[in-house]
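Here are a few friendly notes to read alongside the model. Please keep the structure open as you go through the points.

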Amino acid sequence: MKLDHSLQAWAKKAQGGTEFHQTILDLTLRCPELFPSPEAAAKYCDAAANQFNRRPLQPNEIQNALTGAYAKQNEDPSSPKPPKLQPSPQLIQSHRGREGDLDALRITSDLTVGTAGQALAKLYRPDDWICLSKTIDRPEFDFAENWAKKPDLHEYQFIVPSVYRQGCLSKAQEGILKTFYLVHEIDDPNLDIEAQIGLALKLADVLPLQMVVWSAGKSLHAWYDFKSQDHTQKAAFQELSTQLGGDKAMQRPTQPARLPLGTRPGKGIQDLIFFKKS
């Protein structure tokens, strides 16, 4: 099948090695301009995708992408957009930590967690398929129990908190099975570690605080237990995290966080400040 001229850029990208799901999205976003109905577009996209030697399509992968593309086309551009949620200086000032908060949190930590492997063994089930990396652009996948036993685990610096489908080798969102932890990180040079602790503790009003990891830089990564899978709680957590100055990128389920007791090259150990006792 010969692709129309308007789809040649998509085809070149697909053959050039871009992640397959992204190429599907690129293709389907062009379809409302070319096809009057999603049904006609679906037949075209199925045939086009089958020309490339890639992984099999996920169930309804093209249909779901087309639904979003046609819905986007039908949006009223004149309708007012809701204002984006911004950090609240008043909330941040009200809940920032004070001197001594860091030490107070440390003394309540689970002292049996002294290595990255011990942390992973408590965070995940042995057969959870998770993603770690030494650099941000080189993800590696394995079972949690295998990661915990790796002799060079301490040399890794990143972990995606989500659990992936077994055998998945891409960080892309379609490979995620479950997200059991939500992460809050502040990268504000005006907030020192003590101040950030107070904001992390405020978020524990919404979800239980599981652990706090120092980035070996200027920020803390606070993990919260989301095994409840209560999406009302998730929305409330993400709203408050944003108001408290949290990095919105951490709300993506594929976003890497700092590995507890891993190593940041040139900086040192990513210290585990707190780990919730069982």
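1. A definition to start with: two strands count as paired if DSSP finds at least two bridges between them. Please also bear in mind that this is a predicted model. With that in hand, look at Leu-182, whose bridge partner in E7 is Tyr-224. Strands E5 and E7 (residues 220-225) pair in the antiparallel sense over 5 bridges.

2. Now for the sheet around that pair. Its 4 strands form an open sheet in the order E5-E7-E6-E11, with antiparallel pairing. The edges are taken by E5 (181-185) and E11 (272-275); each has a single partner strand, so one side of each is left without a neighbour in the sheet. On average, neighbouring strands of this sheet are turned by 15° against each other, direction ignored.

3. Helix H9 (residues 193-203) lies across E5, E6 (209-214) and E7, and runs at about 15° to E7. Helix H10 (residues 231-243) lies across E5 and E7, at about 10° to E5.

4. Which residues of H3 are buried? They are Ala-41, Ala-42, Tyr-44, Cys-45, Ala-48 and Ala-49. Helix H3 (residues 38-49) has 12 residues and spans 16 Å from its first C-alpha to its last, close to the 16 Å expected.

5. Finally, have a look at His-154, in the loop between helix H8 (144-149) and strand E3 (158-164). Its relative accessibility is 40%, so His-154 counts as partly exposed. Beyond its neighbours within four places in sequence, His-154 is in contact with Leu-261, Gly-262 and Thr-263. The side chain of His-154 also reaches the backbone oxygen of Pro-151 at 3.5 Å. His-154 and Ile-269 are 115 residues apart in sequence, yet 8.4 Å apart in space, C-alpha to C-alpha.

Notes: Residues are numbered from 1 along each chain as its sequence is written. This is a predicted model: local features need pLDDT of at least 70, side-chain atom pairs count only at pLDDT 80 or more; totals for chains, interfaces and linings use all residues. Side-chain values use heavy atoms; hydrogens and water are left out. Helices (H or I, at least four residues) and strands (E, at least two) are DSSP runs, numbered from the N terminus. The expected span of a helix is 1.5 Å times one less than its number of residues. Buried means under 20% relative accessible area, exposed over 50%, partly exposed in between (1.4 Å probe, protein chains only). Axes are lines fitted to C-alpha atoms, for helices over the stretch in contact, and angles run from 0 to 180 degrees between N-to-C directions. Contact means heavy atoms within 4.5 Å. A polar contact is a pair of N or O atoms within 3.5 Å; within protein, one must be able to donate a hydrogen and the other to accept it, and residues adjacent in sequence count only if both atoms are side-chain atoms.
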